[in-house]
Amino acid sequence: QYYTPLDPTRDRSLLISFGTGTVGQLSGVTQIVQHFQNQVQYWEPQNEPNGAYPNGTDFVPVMRDFYNTVKAVNPNLKVIGPGMVTIGPMGLNFLKGFLAAGGGQYIDALSFHAYNNVNHDMLLARESFTALKALLNQYGLGNIPLWQTEQGYMTAVYGAYEPQNEGNWTMLQEMVFEQEGLPKERDVLWYDKNIGFAGFPAFWENYDGGVNPAVPLMRVWSAELF
């Protein structure tokens, strides 16, 4: 109810992701899609399926059933996936199995998480995207839209508070992603509120309501792009 597309130049569509998966719950998925189909255009079936399906081939039937469920409600809606944890070697190996088994026909956009794919290292970022795009081209998906649906940088690292590094790393990543065809509107940054996920303490807002450097950096970045 609070959503407003604040930028009339660069569209910012909403995404709903079913983090714990949808197997055995497709009737519920149908109800949710029916309810939100006029507000939400993009849909993702599971968070980091590489954990439950180490072989990407095995995730294709899950993706297929989710795709058909969403499209049965409204064929104009967009299904994205598979949402693996990284586009590093492990994630690309999962993606290769997924695409080899025909998974590409069940996605309208490719989603992934970008853990350890930039880390304030331009060479690492270029290598990550070069490898991803080479694999997509191999399966005729070189022009598929890209979504990054979960990633952030630690504010605290083993007790050391490093919000300046967090801001620097985030800023570099956003600029590289834009160059690689992944705009900020399709880059879902985690986490916003202290302390986020305890095992990965990344946050932009502190307990006292104060914000870390990533916040003004992203605000200026958005203004400059506008």
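**Second largest pocket**

I looked up the second largest pocket in this predicted model and found that about 200 Å³ of space lies in it. For the record, the search ran on a 1 Å grid over the protein atoms alone, where a pocket is an open set of points with protein on both sides within 12 Å along at least five of seven lines, a cavity is a set of points where a 1.4 Å probe fits but cannot get out, and lining residues have an atom within 4 Å of a point. Grid points are joined across faces, edges and corners, and a volume is the space filled by probe spheres set on the points.

I listed 13 lining residues for this pocket, and Asn119, Tyr153, Met154, Trp169 and Phe200 lie nearest its centre. Helix α5 (residues 163–179) gives the most to the lining, with three residues; helices (H or I, at least four residues) and strands (E, at least two) are DSSP runs, numbered from the N terminus. By class I noted six nonpolar, five polar and two charged residues in the lining, where Ala, Val, Leu, Ile, Met, Phe, Trp, Tyr, Cys and Pro count as nonpolar, Asp, Glu, Lys and Arg as charged, and the others, Gly among them, as polar.

My notes follow two conventions: residues are numbered from 1 along each chain as its sequence is written. The model being predicted, local features need pLDDT of at least 70 and side-chain atom pairs count only at pLDDT 80 or more, while totals for chains, interfaces and linings use all residues, and side-chain values use heavy atoms, with hydrogens and water left out.

**Cavity**

I then searched the whole structure for cavities of 30 Å³ or more and found one; the volume of the largest cavity is about 30 Å³. Its lining consists of Gly152, Tyr153, Glu166, Thr170, Leu189, Trp190, Tyr191, Ala202 and Trp204, which divide into six nonpolar, two polar and one charged.

**Parallel strands**

I went through the strand pairs next, counting two strands as paired if DSSP finds at least two bridges between them. Strands β2 (42–44) and β3 (78–84) pair in the parallel sense over two bridges, and tryptophan 43 stands opposite valine 79 in β3. Four bridges join β3 to β4, again in parallel, with leucine 110 in β4 as the bridge partner of glycine 81.

I checked the crossovers, which are right-handed if, with the strands pointing away from the viewer, the path from the first strand over the helix to the second runs clockwise. Right-handed β-α-β units are made by β2, α2 and β3, by β3, α3 and β4, and by β4, α4 and β5.

How much of β3 and of β5 is buried? Six of the seven residues of β3 are buried, so this strand is largely enclosed by the rest of the structure, and in β5 (residues 146–151) six of six are buried; buried means under 20% relative accessible area, exposed over 50% and partly exposed in between, with a 1.4 Å probe and protein chains only.

**Nonpolar core**

I noted 41 residues in the largest nonpolar core, where Leu95, Leu110, Phe112, Leu132 and Leu146 have the most contacts inside it. Helix α2 gives the largest share of this core, six residues. Such a core is a set of buried Ala, Val, Leu, Ile, Met, Phe, Trp, Tyr and Cys residues joined through side-chain atoms within 4.5 Å.

A cis peptide bond joins glycine 81 and proline 82, with omega about 0°, and proline 82 lies in β3.

In the loop between β4 and α4 I found asparagine 116, with phi near 60°, and asparagine 119, with phi of about 50°. Asparagine 116 is exposed at 56% relative accessible area, whereas asparagine 119 is partly exposed at 24%.
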